[in-house]
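Dear colleague,

My notes on it follow directly after.

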Amino acid sequence: MRRYIFKAGILLSTLYAMVCMWHWKSGFTYFTQLSNLFVAGVVISQLLRPGVKTARWKYAATVSITVTFLVYLLVLAPMIPGGLIAAYAQDHWASFCLHILTPLLTIADFFLIDAPEGTWRNRDLLYAALPPVLYFLLILLLGLSGMRWGMGTMTAPYMFLN
């Protein structure tokens, strides 16, 4: 039963946040939205195909959502005027769902449910690192092709990538 509670929480949190933030024109170029959708996709796959081995995908999704959690908490949220509460209260608390709730549920789900069931190899670390690396390369390509963020002033969606 615990398996389904975590997964339902992940899906509900991600769905709520995506609905609240649908108006973001460049939203799907942000690692936050992509990592949340990645986690949701893996969870849906786990629920629809329970016998299929998804440990490697869940590991990669968990690493990606943990990057989202840590970068927002330690780098981006402190820069928001009004402090951490204002940072997480954005878009009717959708920011809280994307940056805190979904990551914590995913991390808990991974360590309590998925990790004990998985068989891990050294190359799984490579698979887990691929999504953030591929995202960085995508953003570089989009920036080089002329796409701009932050009212047209930034060549990447995050100031530390500029």
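Thr102 counts as buried because its relative accessibility is 0%; buried here means under 20% relative accessible area, exposed means over 50%, and partly exposed lies in between (1.4 Å probe, protein chains only). This residue lies in helix α5, residues 90-117. Helices are DSSP runs of H or I with at least four residues, and strands are runs of E with at least two, numbered from the N terminus. Not counting residues up to four places away in sequence, Thr102 touches Ile10, Ser13, Thr14, Asn36, Ile65 and Cys97, where contact means heavy atoms within 4.5 Å.

Please note that this is a predicted model, in which local features need pLDDT of at least 70 and side-chain atom pairs count only at pLDDT 80 or more, while totals for chains, interfaces and linings use all residues. Residues are numbered from 1 along each chain as its sequence is written, and side-chain values use heavy atoms, with hydrogens and water left out.

Helix α1 comprises residues 2-20 and includes Ala17. Buried residues of α1 include Ile10, Ser13, Thr14 and Ala17. Ala17 counts as buried because its relative accessibility is 0%. Leaving aside neighbours within four places in sequence, Ala17 is in contact with Ala94, Cys97 and Leu98. Between Ala17 and Leu73 there are 17 Å in space, C-alpha to C-alpha, and 56 residues in sequence.

Asp91, in α5, has a positive phi of about 50 degrees although it is not a glycine. His92, also placed in α5, is likewise not a glycine and has a positive phi of about 60 degrees. Asp91 is partly exposed at 21% relative accessibility, whereas His92 is exposed, with a relative accessible area of 62%.

Finally, there is a nonpolar surface patch of about 690 Å², made by Leu126, Tyr127, Leu130, Val133, Leu134, Phe136, Leu137 and Leu140. Such patches consist of residues with over 30% relative accessible area and no salt bridge, with like charges joined within 9 Å and nonpolar side chains (Val, Leu, Ile, Met, Phe, Trp, Tyr) within 5 Å. A salt bridge is a side-chain nitrogen of Lys or Arg within 4 Å of a carboxyl oxygen of Asp or Glu. Phe136 belongs to helix α6, residues 123-144, and is partly exposed at 37% relative accessibility.

With kind regards

Methods:
Areas by Shrake-Rupley, 256 points an atom, 1.4 Å probe, with all protein chains shown as cover.
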